[in-house]
Amino acid sequence: MVLHRAGEALRLEDVPVPEPRPGQVRLQVSACGVCRTDLHVVDGELARPKLPLVPGHQVVGRMEDGRRLGVPWLGWTDGTCRYCLSGRENLCESARFTGYDLDGGYAEWVVADEGYCLPIPDEYDDVQAAPLLCAGLIGYRSLRLAGDPERLGLYGFGSSAHIVVQVARHEGRRVFGFVRPGDEAAAMFALELGCEWAGPSDERAPEELDAAIIFAPVGELVPAALRAVARGGIVVCAGIHMSDIPTFPYELLWEERVIRSVANLTRRDGEEFLALAPRVPVRTEVEEIPLEQANEALERLRSGQIQGAAVLRVD
Ligand SMILES: [Zn+2]
Ligand SMILES: [Zn+2]
């Protein structure tokens, strides 16, 4: 499924099977998770995707010898810039990202640099594993950057939040879920997964929070989350794109409240999270959609109709 121009639908096309270069592996794709970032790429909200492009960066596939690997968003780094050399390859100035700079997993075949592929834990089948590779990974990194909160708020209860709530509960945290106003189904889903409270994002939580993670791409949620956190509280913006943040009084940031973003992932995040996931154990709620219906999957994600994660199935 190929993107030729931002704002257009993906096109189902026959393309040559990609040839791996030295250091790369070729995988036969069996499943690829649909991420909100894919939507931002297709909608033209991110500046510079390669075109034409095969999107998709939560790829599960197999090498010719049957070995199963996952291909995440971080596809390549230079290993030499000041960020790479200080353990922050997620910020590498020359990084290449899967399904953005490099063709991704909305396809039957993908090539990827072997050093950036992640082994998939045996406990998961291909479809269940796919959302771990970005929703899970970025969610995990966001949770680590939220400090050590006793009371954690999650804004936007999509594929990342549905995984993070399980990890946070496993760590003994109390979790409060904020959903799109009027989305009763999402509130129910948040409660089922272990939130002790779930309500619309324009409502106050029943008590102060120690940290909040914003997954929804909605700038208005930043001042809302700052209002919800206690002194010293941390607000983490987990998405790659967000609408403009409205101005707000300095008072909301005062008392050592912190706002920060999360960008990309390191391979270490991947190793840590994929070791932790089966121990929680994280269970992913997945809606399987055939690859050739990728446009429908993106549309359903855009309109908030996916509960948990959407995964494209490649047969
Ligand atoms: Zn670098
Ligand atoms: Zn993603």
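**Reading a parallel sheet and its crossover**

Tutor: In this predicted model, we can begin with a crossover: β11, helix α6 (residues 221-228) and β12 together make a right-handed β-α-β unit.

Student: How do I read the handedness of such a unit, and which elements should I follow here?

Tutor: With the strands pointing away from you, a crossover counts as right-handed if the path from the first strand over the helix to the second runs clockwise; here that path leads from β11 over helix α6 to β12. The two strands of this unit run parallel, with 5 bridges joining β11 to β12 (residues 229-237), and one residue pair to look for is Ile-213, whose bridge partner in β12 is Val-236.

Student: In what order do the strands of the sheet stand, and in which sense do they pair?

Tutor: The sheet is open and has 6 strands, in the order β10-β9-β8-β11-β12-β13, with parallel pairing. Because β10 (197-200) and β13 (258-261) each have a single partner strand, they stand at the edges, and one side of each is left without a neighbour in the sheet. On average, and ignoring direction, neighbouring strands are turned by 20 degrees against each other.

Student: Which strands does helix α4 lie across?

Tutor: Helix α4 (residues 159-170) lies across β8 (151-155), β9 and β11 (209-214), and its direction is at about 165 degrees to that of β9.

Key:
Residues are numbered from 1 along each chain as its sequence is written. Chains are lettered from A and ligands numbered from 1 in the order in which they are written. This is a predicted model: local features need pLDDT of at least 70, side-chain atom pairs count only at pLDDT 80 or more; totals for chains, interfaces and linings use all residues. Two strands pair if DSSP finds at least two bridges between them. Helices (H or I, at least four residues) and strands (E, at least two) are DSSP runs, numbered from the N terminus. Axes are lines fitted to C-alpha atoms, for helices over the stretch in contact, and angles run from 0 to 180 degrees between N-to-C directions. Two residues are in contact if their C-beta atoms, placed from the backbone, lie within 7 Å.
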